[in-house]
Amino acid sequence: MNIVRKIGLSKRYGKSIYAISAVLTVAASSLVFFNPYAIPTCVLLKLVSIPIILYLYTTFTKETEIYFYLNLGISRKEYRFIPFVVEFIGFILFITLIAYIGDAIR
């Protein structure tokens with residue numbers, strides 16, 4: 001199974017991770033829009049929030065759900081970390097874009 005297919009599957013099982021991370025991304029990007037010097041603080045906040053979200057996700061999800069995705073060819077590590085890696089890359093790209101837009105407007 002290639003990485004594109006695994007990312008596609010992560011959209012199915014990681015909907016809640018993507019939603020919670022998107023809220024944090026929008027909040028951080030609004031801060032960066034007005035103050036581009038806050039980018040390191042936002043990245044640090046994002047790195048601190050990842051273990052918290054992962055802990056809450058693994059605590060509150062059903063353990064039987066993982067076996068369905070394991071049968072599709074995803075390991076436990078990939079099951080837990082692909083959504084965070086994809087969302088973090090999107091976060092960096094979005095923050096950079098918003099910082100450039102905010103800088104151009106000011």
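**Salt bridges and helices in a predicted model**

Modeller: In this predicted model, Lys46 and Glu87 form a salt bridge, with their closest N and O atoms 2.4 Å apart.

Biologist: Which helices does the pair of Lys46 and Glu87 tie together?

Modeller: Lys46 belongs to residues 39–60, which make up helix α3. Its partner Glu87 belongs to another part of the chain, 41 residues apart in sequence, so the pair ties together helix α3 and helix α5.

Biologist: Is Lys46 buried or exposed?

Modeller: A residue counts as buried when its relative accessible area is under 20%. The relative accessible area of Lys46 is 2%, and Lys46 is therefore buried.

Biologist: What is the relative accessibility of Glu87, and how does Glu87 count?

Modeller: The cut-off for a buried residue is again under 20%. Because Glu87 has a relative accessibility of 10%, Glu87 counts as buried.

Biologist: How many salt bridges does the structure hold?

Modeller: Side chains of opposite charge can pair when their charged atoms come close. Besides the pair of Lys46 and Glu87, Lys6 forms a salt bridge with Glu78. The number of salt bridges in the structure is 2.

Biologist: How far apart are the closest N and O atoms of Lys6 and Glu78?

Modeller: A salt bridge requires a side-chain nitrogen of Lys or Arg within 4 Å of a carboxyl oxygen of Asp or Glu. Lys6 and Glu78 form such a pair, and their closest N and O atoms are apart by 2.8 Å.

Biologist: How many residues apart in sequence are the parts that Lys6 and Glu78 tie together?

Modeller: Lys6 lies in helix α1, residues 3–13, whereas Glu78 lies in helix α5, residues 76–105. The pair therefore ties together parts whose separation in sequence is 72 residues.

Biologist: Does Glu78 count as buried or partly exposed?

Modeller: Lys6 is buried, with a relative accessible area of 12%. Glu78 has a relative accessibility of 24%, so Glu78 counts as partly exposed.

Biologist: Which pattern does the protein follow along the sequence?

Modeller: The secondary structure comes to 5 helices and 0 strands. Read along the sequence, the pattern is α-α-α-α-α.

Technical notes:
Residues numbered from 1 in each chain as written. Predicted model: local features only at pLDDT ≥ 70, side-chain atom pairs only at ≥ 80, totals over all residues. Heavy atoms only, no water. Helix = DSSP H or I, 4+ residues; strand = E, 2+ residues; numbered from the N terminus. Buried < 20%, exposed > 50% of the residue type's maximum accessible area, 1.4 Å probe, protein only.
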